[in-house]
Structure formats: structure tokens, C-alpha cells
Amino acid sequence: MSEPLLSVRDPLLSVRDLRVSYQVGRNFVHAVDGASFDIPRGSITGLVGESGCGKTTIARALTRVIAENAAITGGQILFDGKDLAKIPEKEMNALRWRDIAFIPQSAMNSLDPVYTVEYQLDEVLRRRGGLNRKQSRARSEELFEMVGIDANRLNDYPHQFSGGMRQRVAIALALALDPKLIIADEPVTALDVIVQRQILDQLKELQTRLGVSVILVTHDISVVAYICDRTVVMYAGKVAESGTMQAALTAPSHPYTMGLRNAFPDLQGAASGILTPIEGAPPNLASPPAGCRFKPRCPFALDICGTEPPVIEVAPDHPVLCHRAHESAALRIESAKTETWMAPA
Amino acid sequence: MNPATEKTVTKKPAVLVSVFDAKLHYAVGGAFAAMRGKSTVVKAVDGVSFDIRRGESVGLLGESGCGKTSMGRLLLKLEEKTGGTIHFDGEEIGAVRGSGLKKFRSKAQLIFQNPFDAINPRFTIRRTLSEPLENAAIPRREREGRIITALELVKLPEPAQFLDRYPHQLSGGQLQRVVMARALILQPEFVVADEPVSMLDVSVRAGVLNVFRDVRDRLGLTAIYISHDLALVRYVCERTIVMYLGRIMEDGPTEDIVREPLHPYTKALVAAVPVPNPDQSHDPLPIGRGAPDPRNPPSGCVFRDRCPAAHARCASEIPLPKPVGTRTVACHLY
């Protein structure tokens, strides 16, 4: 495994102008419409956004496990010198589990209820990893120890585990073949706050120890702030901004990210703080607005925002999809005021 | 709380809801579970007492399975308690039947968690909001006006345009406002909101929460806000009741609980809340691993098997709620 390195030079994964569309009747819904971002080696990146922003579609497209009515219609997914968007299915299949592991939303659904968890680990380790029965058992025990479950529970069925434990099993499965990249889709969303925190701590500890890269798909910015080094913020099928976590929290530069900061309560904030919603709702992707997709909800929108916004690097490693990105410092000050969001332009 | 609770009801009309030693036990499993030595009773709510003053907003906080939703349902008589007493406006609700029950229902309402499930997808918004008015025998000619007023109250812009729409034509945030309007249309005194924003996206949550706060203040509502999210509870409620496995662990002003939690469980709960701050502490939580098992709670204090401060007494004796400063705490440490 390579050493943790926080730089977009020599990224593990580079997504360039990725497009994924769903066919719905005669229409096409462009769920991901030109997304670009880098995943450095040994990092945890939070892919954040609201429901329908395309974050889960991207996560699935990276492993090419997408719905039947969906297709990658453009762009590149560069991983280890290969373009995952184009390689034959057979080659892609060889990468799954070995190089890229996927933890689907809700571990309840990712585990087969009629097999013991050992059987499910064994299937990955022997069929995919080429281990023999004895090696597989030893590795299973090792994996359980890594995620903090007693090895004598290997023979239990998924229903015998609590929700948090099942999530640990799903993490063990993902780690089974020592992948380079783990994609976790809302891994802690269904869990209570204490279990959530314990799982996140575990994930972070393993990620650091093993040097693996993790993409954490979530709607919860607090979770991202808690364990991620980097973030990719999505809105309506496009990447609004991406960069280090520090930059996203201290210098959010897309108005959407600025708005989100005012929209959810912070336990460390002042008790008297007022939350400010972003008025309106995300657009219907079957007929998105022309130009910037955030324009209908954006308090800073100008006429020019009716045209396709450019990607502007407000700082090194901090691209922002906004016509007014160069003014972001001034907009940030305005965005902290509740009045700003009362009457969108 | 204290055994004098029942007396205070009659003396102080300031109290709207008074709960004393409430219990809700469910029968589960059966003969086979009993044979395997498993408990056949789940004590969803087990000896809970508290008073709610008129106009107060109280958060019921806890993890799944702690009994917060069951407690909310008991307060609204959607579930019959298996023990204890619950007084609403001085009247024990257990015995309320017939027209008395109908009256109670118009005064005490529930705001549902999932707006997509709580509204019949085949009803227009007009019909959804007419139903409670029909039940309350509001004359037909008054209904439309009442509906518009209710929709204005929850800040749906140009309410008339929504009347003939169906739920799928509304966004989640708009739909949750309709759910709220339905609960408020008969002008209740008391509402129980069960995780009303958990299904909504972050950017629209704040709008619904602000409407909730605004409506509550304008109508002088007494409110229970059920949630697992302390940050949300803090935004809406001045007082918080923390539950664990059917019992109250801590009860007091929300700010005090956030700033200095007293019960070991509350301490872990507060520490676990992620905050949007890269400098947040990553120290291990002061709580044991594992999940509470409502079918086999430990003897004595129900939290003791995960408690870092547990001692011998915690296994033998159930800690009774004690006043500690502004709060009530059920823990042998105090």
C-alpha cells in the first residue's frame, strides 16, 4: 500500500467530465452531468449532497454497478492507468473487491440473510482472492478482529447482529482483499449517533492504518467534517466545489455550500443562532434550468448565471463551479446573514 | 419525578400534561421464546414520570429503542398504557371514551415523521385537510377558509394553488408543511412531533423547523419534539428529557444538558454528536460498545452494562430520579 499523501498529484482515481444518464420512458435524466474530481491516495473523501444530486449514481458508476436503465454516457474514470468507463466488463469484474470495494447503503441489504457471515466472507476470499479454506478462515478471523467483532461470531447469521455490528461486518467484507479504494454509500445513516461515531472512528483508524482510500457518500456534512480529509460537494448532477475539508469549512466558495453552513444546527454554536434554509428545492433533472443549476435558489445570481458556469480555481486544489467564484470572499460575508437568503434573486 | 405529581395537577393549572409512573409493556415472542429463556415482555416505557407546563417545548431524546416514540404515542392515547397515570388538562386520559375522546383528539395532535407516508397519495391537499374538519363537524362553508388559514400558518406561499394538487406534486418540505397544517387545523393545545424533519434534505430542514418554532410561539402550543438528534432538539426545545431503554436518565434545561451533561449516558450522547468543525475531539466515547437490548435489560440501572462509571450498587438498585440543580438525574453518582 502506498503512503498517505495529500496532494492531487498522482491521484489514485481521477474522474473527468463523467456523465451518467437514466432512461425514464422516452426521456433521459442526466443524474451525473459532467463531474470531475480527484481522489488522492490514502485519503478519505466525502461525496456530499442532497437526495437526487447524483452522489449515489457516481459511487455506483465507479464500480460500474449501475441500474439497468442507466448508462455511462461520457467522461473518464481513471484508476491505476485504466479508464474504468471503457474497459471490458470482464476486466472490470476482476477489479471489484480486489481493487475497489463497495459498501452499499444499509448493511442490512448487503448481507445475504440465508448464509452465515463466514460463508459470505469465504465467498469473497476464496472465489475472488484465490485463498484456500484454511487461509480463508484465518483471514476471516483477522478481519473480524480488525473491525472489533469476536471471531466466534463468524458462524452467526446477519439477523443475529445488531445494525452497528452488521455495518462492521460490511466493512470487514470490503477490507477482505486489501483493496486500494473503498466506496461507502451512507455507511452510518441508519445508525444511532453513538454507534455511528464508533463506526466512523473504526473506519478512520483502519483507513489510516492500511493506507486505503475511502470515498464516503453521505448527505451529512457533520459526518464528513468529522472524518474526511477532503470533500466533493454535489448539486443537481454537478460538482459545485471540491477540495480539502479545511477549505470547504473555512472558505466555502460555492453559494450552495455557503447556504448549507447556515442550514443545519451546530451543537457547538451559539444557542440563539437562527437556522437559515435555502429556499426552494433542487431542480428536476429531467428538465434542469439553463445555465447554473443553483440559480433559482441562489441569492447571488446574476443574469450571466443563465449561462453555463465555468470552473474557477479559487485556490490551488479548490475548483468551484460558479460565475462569481472570484468574488467568493465577499459573498461569504454576505452569506452569513439571514436576510441574504430571505428573498432569492 | 416525585410522588406528589398527581396533587400538583389539581393545584397548578400551569401543568398541561402530567405523567406518573407510566408503563408500556409489549408482549413479544411467546412460548418458544420463554422456553429459550428469553423475556416475553419488552418494557418500551417503564416507570416514566414528568410534567409539562403549558407553552413548554420538551424534547424527548434517545436512540432507537429507547421508548421515545412509545412515550409520545402514550401521551396521545394512540397506545394504551399498561401502568401509571397520564393526565391531560387535569383529566386522566386512560378512561376517556366517546365524545370525550373526540374532544381530546382535537386538542392533542401528532405531526408525523415521514410526510411521504403520512398523507394519502390519492387525496388532494384539499381533501387531506378537509378530513379533520369533517370529523370535528365544521360546517362545509367554513372549511376552505380554515384550510387556507392553516396553510398560511405553515408559510406555504399562495396556499390556494396547492388545494387541488396531489402529494406527489409537492416537494418534501412543502409536504411536511401540509402534515403540520393538518395537525394544527383544529387548533390543538398540544402537539407531539415525531422526528418531523428526519426525512428531509438538510437545505430545507431549517425552513420546516423555523415554521414549527414560529407556529408554536404564535399559537402558544405545548409541544413534545421526539428526536435522536440533540442539535435539532436544542434548536426547538428549551427542555430535554433523555431516555434509555424505557426510562428517563436525565431531564432538564436543554442548554445545561448540552453544556454540562450529568448522566454518564448523556455525556456519551453529547460527545457523539458530530459538529462541522475540523478540530472536533476524536477521543473514544465514554461508553461501552454494544447495543441496548430491550428484551434483556440489565438489572438495576439499565445503562450499567455500557457505563464507564458503573459500580456494585448499579446492579442491585434501580437509580431513582433525583433533583440535581436545575435537573433531575437518575444515576447513583448523584
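Visitor: What are the overall scores of the model, and how confident is the predictor in chain B?

Guide: The model has an ipTM of 0.84 and a pTM of 0.88. On a pLDDT scale from 0 to 100, chain B averages 90, and 96% of its residues score at least 70. Residues 1-12 of chain B, however, have a pLDDT below 50. That stretch still has 18 contacts in the model beyond near neighbours in sequence. Where pLDDT is low, the predicted coordinates should not be read in detail.

Visitor: How do you know whether the radius of gyration of chain B agrees with that of a compact globule?

Guide: We set the value against the globule rule, 2.2 Å times the number of residues to the power 0.38. For 334 residues a compact globule would come out near 20 Å, and chain B has 21 Å, so the value agrees. Its C-alpha trace spans about 65 × 50 × 45 Å along the principal axes.

Visitor: And what does the rule give for chain A?

Guide: With 345 residues, the expectation is near 20 Å; chain A has 21 Å, which agrees. The C-alpha atoms of chain A fill a box of roughly 65 × 50 × 40 Å along the principal axes.

Visitor: What makes a residue count as buried, and how many of them do in each chain?

Guide: The cut-off is 20 or more other C-beta atoms within 10 Å of the residue's own. By that test, 50% of the 334 residues of chain B are buried, and buried residues make up 50% of the 345 in chain A. As for contacts with a separation of 6 or more, residues 24 or more positions apart account for 65% of them in chain B and for 66% in chain A.

Visitor: Which secondary structure elements does each chain have?

Guide: Chain B has 13 helices and twelve strands, while chain A has eleven helices and twelve strands.

Visitor: Why are S6 and S11 of chain B called edge strands in the eight-stranded sheet?

Guide: The order of this open sheet is S6-S7-S8-S3-S9-S10-S12-S11 in chain B, with mixed pairing. S6 (108-111) and S11 (322-324) each have a single partner strand, so one side of each is left without a neighbour in the sheet. From one strand to the next, the twist averages 20°.

Visitor: How do you know that S10 and S12 of chain B pair?

Guide: Pairing needs at least two bridges between the strands. S10 (residues 247-253) and S12 (residues 327-329) of chain B have two, in the antiparallel sense, and they therefore count as paired. As for residues, Asp251(B) has Thr328(B) of S12(B) as its bridge partner.

Visitor: Which helices lie on this sheet?

Guide: Helix H3 (residues 68-75) of chain B lies across S3, S7, S8 and S9, running at about 155° to S8(B). Helix H8 (residues 172-184) of chain B packs on the sheet as well, touching S6 and S7, with its direction at about 170° to that of S6(B).

Visitor: What makes the four-stranded sheet of chain B an open one with edges?

Guide: Its order is S2-S1-S4-S5, with antiparallel pairing. S2 (41-53) and S5 (91-92) of chain B have a single partner strand each, so one side of each has no neighbour in the sheet. Inside the sheet, five bridges join S1 (residues 15-27) to the antiparallel S4 (residues 83-88) of chain B, and Val19(B) stands opposite Ile86(B) in S4(B). H3(B) packs on this sheet, touching S1, S2 and S4, at about 60° to the direction of S2(B).

Visitor: How do you know which residues of chain B touch chain A?

Guide: A contact requires C-beta atoms within 7 Å. In those terms, 37 residues of chain B are in contact with 34 residues of chain A. The elements of chain B giving two or more residues are H9 (202-219), H10 (230-236), H11 (254-259) and H12 (264-272). H9(B) gives the most, with eight residues. The residues on the chain B side divide into 21 nonpolar, ten polar and six charged.

Notes. Residues are numbered from 1 along each chain as its sequence is written. Chains are lettered from A and ligands numbered from 1 in the order in which they are written. This is a predicted model: local features need pLDDT of at least 70, side-chain atom pairs count only at pLDDT 80 or more; totals for chains, interfaces and linings use all residues. Axes are lines fitted to C-alpha atoms, for helices over the stretch in contact, and angles run from 0 to 180 degrees between N-to-C directions. Two residues are in contact if their C-beta atoms, placed from the backbone, lie within 7 Å. Ala, Val, Leu, Ile, Met, Phe, Trp, Tyr, Cys and Pro count as nonpolar, Asp, Glu, Lys and Arg as charged, and the others, Gly among them, as polar. A residue is buried if 20 or more other C-beta atoms lie within 10 Å of its own, exposed if 12 or fewer, and partly exposed in between; C-beta atoms are placed from the backbone.
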